[in-house]
Amino acid sequence: MNRKIHVTWGVSIFAILCLLIFQGFWLNRVIEFKKAEYLNLINTTLSGAVESGFEEYVVRNQSRLEEPISVSVKSNENFIKLILKGDTTVLNYNQDNGYLSVLRKICYDLIKEQSEENVHMLDSVCKSIFVSKGIKEKYVLELVNTQTGDIIASTDNGSSKIERHLVSNMVELGLKSHHGVIVYFDMPYKTFFTQMTGVLISSFVLFVLLIVCFIYQIKTILVQYQISKIREEFMSSMVHELKLPLSAVQNAFSGIISYGTENLKDAQRTLLNAAHKRVDQLNNFVYKLLIVWKQGFKISWNRLNLRETIDSLVALFDPMLMGKNVSIKVDYQLSVDVIEADDIHFPNAISNLIENAIKYSGDPAKVEIECKEMDGMVVIAIKDNGIGIPEKLKEKIFERYYRIHRGRSTDVHGFGIGLSYVKQVIEAHEGVIRVESEVGVGTTFTVMIPLVKDEND
């Protein structure tokens, strides 16, 4: 199979894998962002729940310390002095989370340390506020000693099966009791994917569309490859089939000429010799094609008289052989006649261009051939007065097997390999071929190859 096809498939598969990796990376980044966003919501909600729900909690809990805290506040200072069981604590409430937070912590210290009641009451307060903020996932709430890190009480009874992937900040509850509350959540993937439903569906649809296009591309390439293979096999078979009849015709012409042509008129002898040369040229061309099919396209460099070559080619297109009125004018502007080129392929390429100019011209067909030197190049321009080529088809005409369709017209036949072959030959000579055309006016094909002069000329 063509190496380019393998490269195309490899690049396409690599692109799909890169897309999958990118999608995975993007999804991971989005989940990390959602995780941080969700954790921030949990921390804010937990802090708000503790701050706002504590007044009701203190009022409902009737158990107080037998020896209350002594609180001393001076109006001209930002300090609060707390005395509990002879232990004095001085707080700057402007620096310690504000005045309201200090009062809330004092309220917690007024209550007896009933840990089990405290954690369930806090759970009740937090749950209602969590739900109001859209946090509906299950969680574990723990009351922790902020000094030792020991768990004082927990809502986890062993059956929650929460993996504790998300951990909230610890919110301190009291000043003297050293209690803090912390909440653990499992990773809420369901919530994340629910929020990302639209994006995920769009991404999945685009990915499926890409896969479908890739599969269609593979099928199309395989079909085109099979068609190309059939064409190549057909052309190879056709070349083999042409070899035998052309050899027979060539032998027939050689036999006729060997018996003598004295009794023929001059015009008949001219036609006979032209036909014999034409068949001989075709036979050499078929032989060369056989070599190309077996060994690949190669150029052999030989000394070639360009003037004699083109004159001999022009002589082959006799009006009687072509079946139409043909006028071919050649203009030589060369300082040398001998160039270096392939003695089979290069003449065949020029012959193909001349034949196309005649086939696609009107009747009478007027063909002009100009040979000149320009910037170290041999320039051969072949101009006709034919039907012309539409602008959008100028590049396509050099594709193998491509032919311009002209409705139901059957005046011009071919397999669409002529110009493809010509382009291949010229490029093998390190040259270029250009086309200028105007519909209804005519077409000019210009061939340019490097001019290599022989030192003996």
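The following dialogue examines a predicted model of a protein.

Student: How many helices and how many strands are in the protein?
Tutor: The protein has 457 residues, of which 37% are buried. Its secondary structure comprises 10 helices and 15 strands.

Student: What percentage of the contacts with a separation of 6 or more is accounted for by residues 24 or more positions apart?
Tutor: The contacts considered here are those in the protein with a separation of 6 or more. Among these, the share from residues 24 or more positions apart is 67%.

Student: Why is helix H9 largely enclosed by the rest of the structure?
Tutor: Helix H9 spans residues 345-359 and reaches 21 Å from its first C-alpha to its last, close to the 21 Å expected at 1.5 Å a residue. A residue counts as buried when its relative accessible area is under 20%. H9 is largely enclosed because the number of its 15 residues that are buried is 13.

Student: How many salt bridges does the structure hold, and which residue pairs with Asp337?
Tutor: The structure holds three salt bridges. In the one formed by Asp337, the closest N and O atoms are 3.4 Å apart. Asp337 lies in the loop between strand S10 and strand S11 while its partner is in helix H7, so the pair ties together parts that are 30 residues apart in sequence. Asp337 is partly exposed at 27%, and its partner, partly exposed at 29%, is Arg307.

Student: What is the N to O distance in the salt bridge of Lys423 and Glu427?
Tutor: Lys423 and Glu427 belong to helix H10 (residues 418-428), where they are four residues apart and separated by about one helical turn. Lys423 is partly exposed at 27% relative accessibility, and Glu427 is also partly exposed, at 44%. Their side chains meet with an N to O distance of 2.5 Å.

Student: Which backbone oxygen does the side chain of Thr309 reach?
Tutor: Thr309 is placed in helix H7 and, at 11% relative accessibility, counts as buried. With neighbours within four places in sequence left aside, Thr309 is in contact with Leu304 and Pro347. Its side chain reaches a backbone oxygen at 2.7 Å, that of Asn305.

Student: How much accessible area do Ile201, Phe204, Val205, Val208 and Val212 have together?
Tutor: These five residues form a nonpolar patch on the surface. One of them, Val212, lies in helix H5 (residues 197-258) and counts as partly exposed at 47% relative accessibility. The accessible area of the patch residues together is about 460 Å².

Notes. Residues numbered from 1 in each chain as written. Predicted model: local features only at pLDDT ≥ 70, side-chain atom pairs only at ≥ 80, totals over all residues. Heavy atoms only, no water. Helix = DSSP H or I, 4+ residues; strand = E, 2+ residues; numbered from the N terminus. Expected span 1.5 Å × (residues − 1). Buried < 20%, exposed > 50% of the residue type's maximum accessible area, 1.4 Å probe, protein only. Salt bridge = Lys/Arg side-chain N within 4 Å of Asp/Glu carboxyl O. Patch = residues over 30% accessible without salt bridge, like charges linked within 9 Å, V, L, I, M, F, W, Y side chains within 5 Å. Areas by Shrake-Rupley, 256 points an atom, 1.4 Å probe, with all protein chains shown as cover. Polar contact = N/O pair within 3.5 Å; in protein donor to acceptor, adjacent residues only side chain to side chain. Contact = heavy atoms within 4.5 Å.
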